[in-house]
Amino acid sequence: MGSAQQTVLITGANRGIGLSLCKEFIERKYTVFGSVRHESRDDPSVVELRKTGASVIEFDVTDENTIAAAFDSWGDKPLDILINNAGALTPHRMWYDVTAEALIDKFRVNAMGPFIVSKIFMPALEKSRSPKIINIASNSGQIAANKDGKYMAYKVSKTALNQVTMSLGMQMEMTKSKVIVVGIHPGWIPTKLTGMTGPDKMDVQIPKIVHTILSIGASQNGGFMDAEGKRMEF
Ligand SMILES: NC(=O)c1ccc[n+]([C@@H]2O[C@H](COP(=O)([O-])OP(=O)(O)OC[C@H]3O[C@@H](n4cnc5c(N)ncnc54)[C@H](OP(=O)(O)O)[C@@H]3O)[C@@H](O)[C@H]2O)c1
């Protein structure tokens, strides 16, 4: 159930889950914008993104100035769905090798990035009749589900992202904004980030995720769910 008028912006759209989400939304006749980093603009993956029919915009989610510049060129159009998908993982390290830089770096990409992109694009979201912010979260962010203590920097940042989702969702409700904010765990899908490992299949997960995105309503605001929309504990 798509609409030619509906606009989606997907961050980190040149590969992995972001690229597949672009393809799925284009197939459903949405107008799709995909973001890429300046440093990746000449990467062959950006050619793949262009082939989908998505419009390519450039910003780094860790650099507020680049996001503000992208928003300046966005113009007056409404944004119906913002998908904060860009993310990064640091290889597993034992605590004595986890540096302050690694912790801060992951926090910037995986938690601060989605918040700042949402903040800067909020005026465009507010112009939509039913705006949604989707944070591509992870079961790695669930504190109670931590079974091995591995990937500390990634887990810390994804836990923080869950708090961004919940707090921003609550503030949207508090201010009677129409914007709905949710976190979605996409499954464990082979991508560059996972070293191409994982039991879930991209072509199975993506339609489920898109169906969930299109189905969510105000009652799920601030929540966390899996690809099928089943509620997950923070
Ligand atoms: N795959 C899984 O099993 C899984 C599970 C749970 C959650 N997730 C989440 O799903 C999201 C997508 O991951 P993926 O698996 O599709 O990984 P991926 O294939 O490695 O894609 C990550 C994307 O994020 C972009 N990115 C990284 N840092 C960025 C920055 N500072 N600014 C803008 N874009 C940036 C990358 O751009 P470059 O190409 O320029 O590096 C790339 O387009 C992430 O948030 C990840 O945490 C994935």
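A polar contact is a pair of N or O atoms within 3.5 Å; within protein, one must be able to donate a hydrogen and the other to accept it. Keep that in mind for this predicted model.

Q: Which residue's side chain does N135 join in a polar contact?
A: Start with where N135 is: it's found in strand 5. N135 counts as buried, because its relative accessibility is 1% and the cut-off is under 20%. The side chain of N135 makes a polar contact of 2.9 Å, and the partner is the side chain of T165.

Q: Is A144 buried or exposed?
A: Look for A144 in the loop between strand 5 (132–136) and helix 5. Its relative accessible area is 72%. The cut-off for exposed is over 50%, so A144 is exposed.

Q: What distance separates the C-alpha atoms of A144 and D63?
A: Along the chain, A144 and D63 are 81 residues apart.

Q: What is the phi of Y151, roughly?
A: Y151 lies in the loop between strand 5 and helix 5. With a relative accessible area of 34%, Y151 is partly exposed. Y151 isn't a glycine, yet its phi is positive, at about 55°.

Q: Is K176 buried or exposed?
A: K176 has its place in the loop between helix 5 and strand 6 (180–185). Phi of K176 is a positive value near 55°, in a residue other than glycine. Its relative accessibility is 75% and the cut-off is over 50%, so K176 counts as exposed.

Q: Where does the ligand sit?
A: There are 29 residues around the ligand, and N14, S40, Y154, I189 and T191 come nearest. As for the site itself, the ligand sits in the largest pocket.

Q: Which elements give two or more residues to the shell around the ligand?
A: The shell residues divide into twelve nonpolar, twelve polar and five charged. The elements that give two or more residues to that shell are helix 1 (16–27) and helix 5 (152–174).

Methods. Residues are numbered from 1 along each chain as its sequence is written. This is a predicted model: local features need pLDDT of at least 70, side-chain atom pairs count only at pLDDT 80 or more; totals for chains, interfaces and linings use all residues. Side-chain values use heavy atoms; hydrogens and water are left out. A residue is near a molecule or strand if one of its heavy atoms lies within 4 Å of it. On a 1 Å grid over the protein atoms alone, a cavity is a set of points where a 1.4 Å probe fits but cannot get out, and a pocket is an open set with protein on both sides within 12 Å along at least five of seven lines; lining residues have an atom within 4 Å of a point. A molecule sits in a cavity or pocket if more than half of its atoms lie within 2 Å of its grid points. Helices (H or I, at least four residues) and strands (E, at least two) are DSSP runs, numbered from the N terminus. Ala, Val, Leu, Ile, Met, Phe, Trp, Tyr, Cys and Pro count as nonpolar, Asp, Glu, Lys and Arg as charged, and the others, Gly among them, as polar. Buried means under 20% relative accessible area, exposed over 50%, partly exposed in between (1.4 Å probe, protein chains only).
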